[in-house]
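Hi everyone, thanks for coming. Please have a look at the sequence and the structure, and then I'll walk you through a few spots.

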Amino acid sequence: MPRDDRRLISTGLLAACGASALWLVVQALAPGWLPNIAWVPGGFALVLGACAAWRIARPGAVTVAGRRFWAQIAVGTALVTPGACLINAVNSGAVRATTANLVVAASFVAVALLLTIWALLRLPVADHARGQAVRLGLDAATIMVVAATVLWEFQVRPMIGSDPQLRTVIGPLLVCVICLGAVLAVVKLMLSGTDAVSIRSLQALGLLVLIGALGSAVTRILENEARWLGVGPLISTVEGVLVVWAALQPPAAVAVPADRRSTFSVMPYVAVAAIDVLLLSHTVSGRQNTALVIGSVLVTTVVVGRQIFAFRANADLIDSLREHRRMLQHQATHDPLTGLANRALFYEQVSVACARHDTAVLLLDLDGFKPVNDTLGHAAGDELLIEVARRLRDAAPRPWLVARLGGDEFAVLLPSADQETAREAADRIIAAMQPPVDTHGVTLQVRMSIGIAAYTDGDDAESLIRHADLAMYEAKAAGKNRHATYTAEPRRRADAAPAKVDADGRLRSPVSEGSG
């Protein structure tokens, strides 16, 4: 809104608030002085509210949904203005309190409230998961029960009195029901959120509806007190101020983001506190109010259900987080293609086994794997690796640990095993690889070279795996599809002799050989 328009509207509101407050004070001090034009400041404030809403609805100011919303709010405020003015004129004695006048006033207010509800319901709301939608619904139910109880206590029950008449009660009852609908629409938007209107604007409009509903009850309670006849015009002025304040809030698209959870998660508890205060006040004064007790029980039931649902949702969230953590841990320690342990996990477990001084390691390498990738493609190579991993798992009983170190290189950790047990395990693995593999229309014969290294004093994970690697390349040099064992005696000779490098550039060491 242009700055000049803001200044003009603000000046008008200050004048209206000053006049209403002045007349309230003067009437309280000197009953009977209230002029016949006391309803004017409230009407003027509502007209300013309608103008502010209409200015916000101009093209370019907000989104399309926001423009439609503020245009409807402007029309609704314009409609409520004559109704509020007529009611204030009747209460101040400027207009006779006839049935026709009351029906006209209630009709304007009811139509304005219905239009406001329609505008609120047409606003787009944020999407929520099912669990969150249930929690928001229970929160809204809590607030609605409290709102209905408060309206009953301060609006409906005083009107009914000891001798209720349908003709005098039906109109205000309908207005109360419509007010509850408006409160529900505002609460729904405040809890779920919308991008078309700022949250502060919704807060102001929700407060406006509550003040309007409770204000009529207050003026009815005080209608026999001449000194408080200025309360009604002041309430109308405050309503106009709230409309202007809501319209002047930055639109949702440019407003400073707010933490909706921290702002609105307390709303149901504030509502519970309000009804508890009412119940406590009645208890202390010795008054009995069945409706208030019923409302308190209903609110307690809804809140307990909300908490039980929240506890279950939190438990499900914790389980989900645990499962997610387990999946992340599995991804960090396992090969994504074969599902076997990866290099990091294998080295970690070998280190643990070396601390017990009784373990053996098998290092396995597929013979002739590169031509499979080159001729049949990587998809065929992956299928072959997956099949080899499956056969290794089947051939390796617990507590063996099978891992894929990378490419076509696998490893097996045999806790509490010596060289003889490791050789038997290597023979079992070579035998498991004998059946051919059919993939991509080709039958492949799986051949594997295995290096064996058993723990000896002074070994750690790195040295033990390095010894198995040396033995594996010796098995390849001896003809492939066999296993070779790295022994302590050749290692001492190898440490004293110059190192040899094979054709692949890998370090070689003397080993004892064996075939499958």
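Let's start with a word we need: a residue is called buried when its relative accessible area is under 20%. Keep in mind that this is a predicted model.

Which strands pair with strand 1? One is strand 3, residues 409-415, joined in the antiparallel sense over seven bridges. There, Thr 359 stands opposite Pro 415. Another is strand 6, residues 448-454, which also runs antiparallel to strand 1, with seven bridges. On that side, Asp 365 faces Ser 449.

Next, the aromatic rings. A search of the whole structure turns up one aromatic pair. The ring centres of Phe 69 and Trp 70 are 5.1 Å apart and their planes lie at 75°, so the pair is edge-to-face. Phe 69 counts as buried because its relative accessibility is 1%, and Trp 70 is buried too, at 4%.

Trp 39 sits in the loop between helix 1 (3-29) and helix 2 (40-56). With 30% relative accessibility, Trp 39 counts as partly exposed. Together with Ile 37, Val 40 and Phe 44, Trp 39 forms a nonpolar surface patch of about 340 Å² of accessible area.

How values were computed
Residues numbered from 1 in each chain as written. Predicted model: local features only at pLDDT ≥ 70, side-chain atom pairs only at ≥ 80, totals over all residues. Heavy atoms only, no water. Patch = residues over 30% accessible without salt bridge, like charges linked within 9 Å, V, L, I, M, F, W, Y side chains within 5 Å. Areas by Shrake-Rupley, 256 points an atom, 1.4 Å probe, with all protein chains shown as cover. Salt bridge = Lys/Arg side-chain N within 4 Å of Asp/Glu carboxyl O. Helix = DSSP H or I, 4+ residues; strand = E, 2+ residues; numbered from the N terminus. Buried < 20%, exposed > 50% of the residue type's maximum accessible area, 1.4 Å probe, protein only. Phe/Tyr/Trp six-rings, centres within 6.5 Å; stacked < 30°, edge-to-face > 60°. Pairing = 2+ DSSP bridges.
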